[in-house]
Amino acid sequence: MSYYIEKNNLIKALDYARKKSDYYLETKNYAAYCDMMIQKSEVYRSFNDMVNTIKTLYEARNIAETNHLLEKQALVYRGIGNINGIIFEYTKGKKYLHKANKIALQLKNNDLLIKTNQGLTKIFFETQSDSTLYYLNKVDFYTKKSKNLRDIALNQNNFYNYYTSKNNNIKAKKHLDSSYTIALKIGDKALIASGKNNLGVYYMTVEKDYEKSKQEYLDIIKMFPNGENSMDLSQAYLNISYAYEKLGDYKNAYSYNNKYLDLLDEKNANLYKSNQEIEIKYAINKVENEFKEKEKAILEKQEKNQKLLLLFASLFILAGFIFYFYYQNLLLKQKGKLKDIDTKLQYKIISATLDGQDEERNKISAVLHDHVSAVLSSVGLHLSAFESSLTKEQVTDLKKTRALLKDAHDKVRDLSHELVPPLLVKFGLQFALKDLCENNTNSLVQFNFHSTLANDRRFNGEFETKMFFIVSELLNNVMKHSKASKSKLLLEEIDGKLVITIEDNGIGFDSKNISMSDGFGITQIRARIKNMQGDMKIKSKIGQGTTIIIKTLLHKAS
């Protein structure tokens, strides 16, 4: 693998990895299999094939977890965490990196501690978290212990990015020079490209020397004539476009900006959807395997009991009658267990699917807000740059174009807010539900909101989002089906649990006849609440209204 990668023959490296991983799996050498799959994922990543990168890591994860290979689990978790960080799945990325870091501490593996903390540093920096400096210092501590020049250079580069974001240009330049010097010393092409990118930014933003900045980006573009290392190359395209714009060369600025957008679209087109599909398939597959194992155990136990009963029946006819009744009773219990397992399986599959939908909703909202909206704003700035050089007739057309662009920008923003209400994110569950009641109140039905919780009471963000959409669906049912004129929503904290009560004075229904077949909406809600370690009770009689009580464990804000 190392030989083929060094010779840049990635096709042969991938073919070799496929053959060896199949061999290791067949011979049950699971540790070597995991190592080969991790290397295989790195080859896919060098192709910018993120879909196969994630698939390969999930296959390795399954083997590592099944065979309790702690070090391999940590390496796989670290890989999955880094990929999720690249595609803006920051919450999921932090989850996997923390899992990897916990195992690395348990194993006292210094090299792995460097890698996991590097990944966490990157995510916290990109999300502008106050924890960034904490993880930078942790990486600095572990790299000094290992004395690995490449790791030291990477962390010096990270210190540069951090101090640049804090506008401390003196410290930033000091760390940048240190990183670039080490990169040149060890001849690492990727590190040199990263250093040149940062030097270009420094010359552009601090020294305002756009010509010098432009030259650094041209050097990077020459380093990768075949489009390899698309991350540094795409950054170089974007930055050189800005440098040309500052130099007044709008033609080249426009050309390189298009190259940046083309490279970005090519890289990310199918990645978000594929990652989510793989996560959902993995969760469902895991639940189905658990069901099959339990079913097999029950069937084996049933077969064993049957043989035992037949033996006693042949020896004692009278005892055979007694055991016959016992056997029938046992079968009924086992059927009940199988039915219970089947019900739990259906709930878990529904919950896993809904969790996937929630993550997809949050992901789409984040992409619309952080990426599409930013690109539209960037287009608006470029249009503004061209306005001064246009005729009156062209300026009129340009204003129409900008009006259309603003309309598109507003629609993207509104869609982002529909997917994840901004009031929920900023102020929490109470304020979002109060606003929901006020918005749904009309001449036909009045929704009253009450809460005994403190005004500043917050919970875990994921928990608040799930509860908001559960209550939203139940209030929607009140409007559609209850024919009620009044409804009340109450939030309480009782014995360490969040209790949500929804009452209405509508026509009611027979709550004793509710089953999984009576409306997929109620089934979805019940499955989700069970997965949140809670329960839901429905009290209703025909003509006497309906009361729904939801109790869940508290999920404190992290």
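Author: Let us begin with K115 and D111, which both lie in helix α7 (residues 110-126), four residues apart, about one turn of the helix. Please keep in mind throughout that this is a predicted model.

Reader: Okay, and how do the side chains of K115 and D111 meet?

Author: They meet in a salt bridge, with 2.9 Å from N to O. K115 is partly exposed, because its relative accessible area is 22%, and D111 is partly exposed as well, with a relative accessible area of 39%.

Reader: How many salt bridges does the structure hold?

Author: The structure holds 14 of them. One of these is formed by K72 with D35, where the closest N and O atoms are 2.8 Å apart. That pair links distant parts of the chain, since K72 sits in helix α5 and D35 in helix α3 (residues 30-46), 37 residues apart.

Reader: Is K72 buried or exposed, then?

Author: K72 counts as buried, because its relative accessibility is 11% and the cut-off for buried is under 20%.

Reader: Which residue does R150 meet in a salt bridge?

Author: The side chain of R150 meets that of D188, at 2.6 Å from N to O. This pair also links distant parts of the chain: R150 belongs to helix α9 (residues 149-165), while D188 is in the loop between α10 (169-186) and α11 (189-205), 38 residues apart. R150 is partly exposed, with a relative accessible area of 36%, whereas D188 is buried at 16%. There is also a network of salt bridges, which links K196, E216 and D219.

Reader: Switching to rings: how many aromatic pairs does a search of the whole structure find?

Author: The search finds 16 aromatic pairs. In one of them, the rings of Y77 and Y96 have centres 6.1 Å apart and planes at 40°, so this pair is tilted. The two residues come from distant parts of the chain, Y77 from helix α5 (residues 70-86) and Y96 from helix α6 (residues 90-107), 19 residues apart. Both Y77 and Y96 are buried.

Reader: And what kind of aromatic pair do F459 and F463 form?

Author: Theirs is edge-to-face, with 5.8 Å from centre to centre and 70° between the planes. F459 counts as buried because its relative accessibility is 3%, and F463 counts as buried at 2%. Elsewhere, ring pairs link Y3, Y4 and Y16 into a cluster.

Reader: Back to Y77, which residue lies over the face of that ring?

Author: That residue is K99, at 4.4 Å from the ring centre of Y77. A further example is K212, which lies over the face of Y203 at 4.6 Å from the ring centre.

Reader: Now the strands, please. In which sense do β1 and β2 pair?

Author: Strand β1 (residues 446-451) and strand β2 (residues 486-494) pair in the parallel sense, over six bridges. Between them the chain crosses through helix α20 (residues 461-482), and this β-α-β crossover is left-handed. Strand β2 also pairs with strand β3 (residues 497-504), in the antiparallel sense and over eight bridges. There S487 stands opposite D504 in β3, and the hairpin has two residues between its strands, with D495 taking a positive phi near 50°.

Reader: How many bridges join β4 to β5?

Author: Seven bridges join β4 to strand β5 (residues 546-553), and the two run antiparallel. They form a hairpin with five residues between them, and in the turn G543 has a positive phi of about 85°.

Reader: Which residues make up the covered face of β4?

Author: In strand β4 (residues 534-540) the covered face has G534, M536, I538 and S540, while D535, K537 and K539 are on the uncovered one. In a regular strand the side chains alternate between the two faces of the sheet. K539, from the uncovered face, stands opposite T547 in β5.

Technical notes:
Residues are numbered from 1 along each chain as its sequence is written. This is a predicted model: local features need pLDDT of at least 70, side-chain atom pairs count only at pLDDT 80 or more; totals for chains, interfaces and linings use all residues. Side-chain values use heavy atoms; hydrogens and water are left out. Rings of Phe, Tyr and Trp (its six-membered ring) pair if their centres lie within 6.5 Å; planes under 30 degrees apart count as stacked, over 60 as edge-to-face and the rest as tilted. Buried means under 20% relative accessible area, exposed over 50%, partly exposed in between (1.4 Å probe, protein chains only). A charge sits over a ring if NZ of Lys or CZ of Arg is within 6 Å of the ring centre and within 35 degrees of the ring normal. Two strands pair if DSSP finds at least two bridges between them. A salt bridge is a side-chain nitrogen of Lys or Arg within 4 Å of a carboxyl oxygen of Asp or Glu. A crossover is right-handed if, with the strands pointing away from the viewer, the path from the first strand over the helix to the second runs clockwise.
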